[in-house]
Amino acid sequence: MVETCCLPETRILETPLCVRQLRVKAGARVLLQNITFDVQRGQVLGLIGPSGAGKSTLLRSLNRLNDLVPGLKVEGDVLFHGASIYAPGVDVNALRARIGMLFQQPVIFPASIAENVLFGAKRLRTIDKSERLVVIESALREAALWEEVKDRLKASALTLSVGQQQRLCLARALAVEPEIILMDEPTSALDPRSTQAIEELIVRLKQRHTIVMVTHNIAQARRVTDWLACVCTRDGAGEIVESACCDAMLDNPRCREVIEYLSAQG
Ligand SMILES: Nc1ncnc2c1ncn2[C@@H]1O[C@H](COP(=O)(O)OP(=O)(O)OP(=O)(O)O)[C@@H](O)[C@H]1O
Ligand SMILES: [Mg+2]
């Protein structure tokens, strides 16, 4: 892997997530191999690369969502604050509360806006009636949706626009107070205005959260990410072929596959 760095050497970095020699197989087929990288606290790490290279599979390996996909086998390790997330006895629900996920399409339950916000948080801990509104308001404010829905919290979440639904999903993820948020093409189903709202949120969220996001949108990567890793297929399996500060990779890619991918993106 080619790695270039443009961070000041004096900056003290904390590393909540370390991926070490990750390999993902589906039966005999290797989907990902030689995946080793760190995610620094307060950083937006972007995963880019051609379709089918393994970005989503990699993202799902970071909070064990691949456990839910029959036939996938994960080898190597992912360390969250130094402890393996794949160790026996790890509480996977607690792990996914600390490493939350936002999908490409909003996943909305046929229930009220308020119930959608509380869905994950209620499964993790008891929330008193008196505390409910505090949790709901705080999560919706953080997701920049409060002003639009504060007068209709009991209305069905299905009445919201797709852009509002995506922010509702973000509020639901934020209500469990995750440290890391994984996002898989979080704006690809959204119109430009909703995309801008989510991008502004991502930039704001990194003050308190660490974010790993997959994007095909290079202009978006430039706007919101600090660091990029490019996943490409080599010998039939996805690998991180280059990793660099966002501007360094986009302005001066070193690796042939990255140059080709970026020029194909225009
Ligand atoms: N459960 C599975 N069983 C077998 N192969 C799988 C499975 N899930 C994914 N794959 C394969 O793994 C490869 C990587 O898929 P993945 O969805 O991670 O790619 P991606 O980089 O996210 O692509 P895109 O940009 O189109 O979303 C693809 O070849 C896909 O067909
Ligand atoms: Mg994908």
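## A walk through the parallel strands and the ligand shell

Start by selecting Met-101 and Leu-182: Met-101 sits opposite Leu-182 of strand E8. What you have open is a predicted model, where local features need pLDDT of at least 70, side-chain atom pairs count only at pLDDT 80 or more, and totals for chains, interfaces and linings use all residues. Residues are numbered from 1 along each chain as its sequence is written, while chains are lettered from A and ligands numbered from 1 in the order in which they are written.

**Stop 1: E8.** Now select residues 180-184, which form E8. Helices (H or I, at least four residues) and strands (E, at least two) are DSSP runs here, numbered from the N terminus. Strand E7 (residues 99-102) pairs with E8 in the parallel sense through 4 bridges; to pair, two strands need at least two bridges between them as found by DSSP. Is E8 buried or exposed? 5 of its 5 residues are buried, so E8 is largely enclosed by the rest of the structure. Buried means 20 or more other C-beta atoms within 10 Å of the residue's own, exposed means 12 or fewer, and partly exposed is in between, with C-beta atoms placed from the backbone. Ile-180, Leu-182 and Asp-184 point one way, Ile-181 and Met-183 the other. In a regular strand, side chains alternate between the two faces of the sheet.

**Stop 2: E9.** E8 and E9 pair parallel over 5 bridges, and Leu-182 has Val-212 as its bridge partner in E9. E9 is also joined to strand E4 (residues 44-48), again running parallel, by 4 bridges; look for Leu-47 with its partner Val-214. Both faces of E9 are covered, with Thr-210, Val-212 and Val-214 buried on one side and Ile-211 and Met-213 buried on the other.

**Stop 3: two loop residues.** Most residues other than glycine have a negative phi. Select Glu-177, in the loop between helix H6 (162-175) and E8: its phi is positive, about 55 degrees, although it is not a glycine. Glu-177 counts as partly exposed, because 16 other C-beta atoms lie within 10 Å. Next, jump to His-81, in the loop between strand E5 (72-80) and strand E6 (83-84). His-81 has a positive phi too, about 50 degrees, and it counts as exposed because it has 12 C-beta neighbours inside 10 Å.

**Stop 4: a helix crossing.** Show helix H3 (residues 113-124) and helix H4 (residues 129-142), whose axes come within 10 Å and cross at roughly 100 degrees. Axes are lines fitted to C-alpha atoms, for helices over the stretch in contact, with angles from 0 to 180 degrees between N-to-C directions. That makes H3 roughly perpendicular to H4, a label for angles of 65 to 115 degrees, with under 35 counted as roughly parallel, over 145 as roughly antiparallel and the rest as oblique. Which residues of H3 meet H4? Select Ala-114, Val-117, Leu-118 and Ala-121 in H3, then Arg-132, Val-135, Ile-136, Ala-139 and Leu-140 in H4. Contact here means C-beta atoms, placed from the backbone, within 7 Å.

**Stop 5: ligand 1.** Finish with the residues surrounding ligand 1, among them Gly-54, Lys-55, Ser-56 and Thr-57. Being near requires a C-beta atom, placed from the backbone, within 6 Å of the molecule or strand. Helix H1 (residues 55-61) supplies the largest share of this shell, 3 residues.

Note on methods: Two residues are in contact if their C-beta atoms, placed from the backbone, lie within 7 Å.
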